[in-house]
Amino acid sequence: DDPIHPKTSQPSPQDFAQAIEQSGADEAVILTISSALSGTMNAAEGARALVDVPVHVVDSRAVSMGLGWQVIMAARALERGGDAQAMIAAAASVRERLTMRFVLDTLEYLHRGGRIGGAARFLGTMLQLKPLLAIDQKSGMIEAVERTRTRQRAVRRLLEVAFERIDLQQPIRVAVLH
């Protein structure tokens, strides 16, 4: 194991229950990282039996800012006076329109996290592939969109794909993460 490589661990049902209880809320909406990539949703659902308030668990089918946009819009629905169902609907509305594309310098960490197999990592490394990847908003799974041979080409293609999908007649929200 690489001593520098960070480790991740999903929260336990008790962690979720403790957070709910400490919040003092009389109802909870929990948006989780994609259930296809983590067991966090199962842990959140396990908290239902540990608290005395209604708990709504929503699979964001996203990661990173894809989850973040859903949380932001759910919070805005609450700020406008909405209830738990309005928050869930706001998150779902974002999820339906969400596009998440990314490029990785290495496939090593996807392999270490169990997201791709050893053969895929080996071939990608041997061929120096820089795949353009996406999170499918229906399944929440990582999928390859295109394969390129250099980082520069991958980033250029990432931008091209992003601009192909933009409707300039509609407002958009964009997050660029590095």
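This is a predicted model: local features need pLDDT of at least 70, side-chain atom pairs count only at pLDDT 80 or more; totals for chains, interfaces and linings use all residues.
**Notebook: walking through the chain**

I started with the order of elements: along the sequence the pattern reads α-β-α-β-α-α-β-α-α-β-β-α. That gives seven helices and five strands, taken as DSSP runs (H or I of at least four residues for helices, E of at least two for strands) and numbered from the N terminus.

Residues are numbered from 1 along each chain as its sequence is written, and side-chain values use heavy atoms, with hydrogens and water left out.

**Whole chain**

I looked up burial next: 31% of the 178 residues are buried, meaning under 20% relative accessible area, with exposed over 50% and partly exposed in between (1.4 Å probe, protein chains only). The chain exposes about 11,400 Å², and carbon and sulfur atoms supply 53% of it; areas are Shrake-Rupley values with a 1.4 Å probe, and for residues only the protein chains shown count as cover. Of the contacts (heavy atoms within 4.5 Å) with a separation of 6 or more, 68% join residues 24 or more positions apart.

**Cores**

Which residues touch the most other members of the largest nonpolar core? I found L31, L98 and M100, out of 16 residues. A core here is a set of buried Ala, Val, Leu, Ile, Met, Phe, Trp, Tyr and Cys residues joined through side-chain atoms within 4.5 Å. Another core of twelve residues lies apart from it, including A43, A44, A47 and V51.

I also checked L98: leaving out residues up to four places away in sequence, L98 touches A62, G66, W69, Q70 and Q137.

**Helix α3**

The buried residues of α3 are G66, L67, G68, W69, Q70, M73, A74 and A77. They pack against β1 (28-32) and α4. After α3 comes G81, with a positive phi near 95°.

**Surface patch**

V155, L159 and F163 form a nonpolar surface patch with about 290 Å² of accessible area together. Patch members need over 30% relative accessible area and no salt bridge; like charges are joined within 9 Å, nonpolar side chains (Val, Leu, Ile, Met, Phe, Trp, Tyr) within 5 Å. A salt bridge is a Lys or Arg side-chain nitrogen within 4 Å of an Asp or Glu carboxyl oxygen. L159 sits in helix α7 (residues 151-165) and counts as partly exposed because its relative accessibility is 48%.
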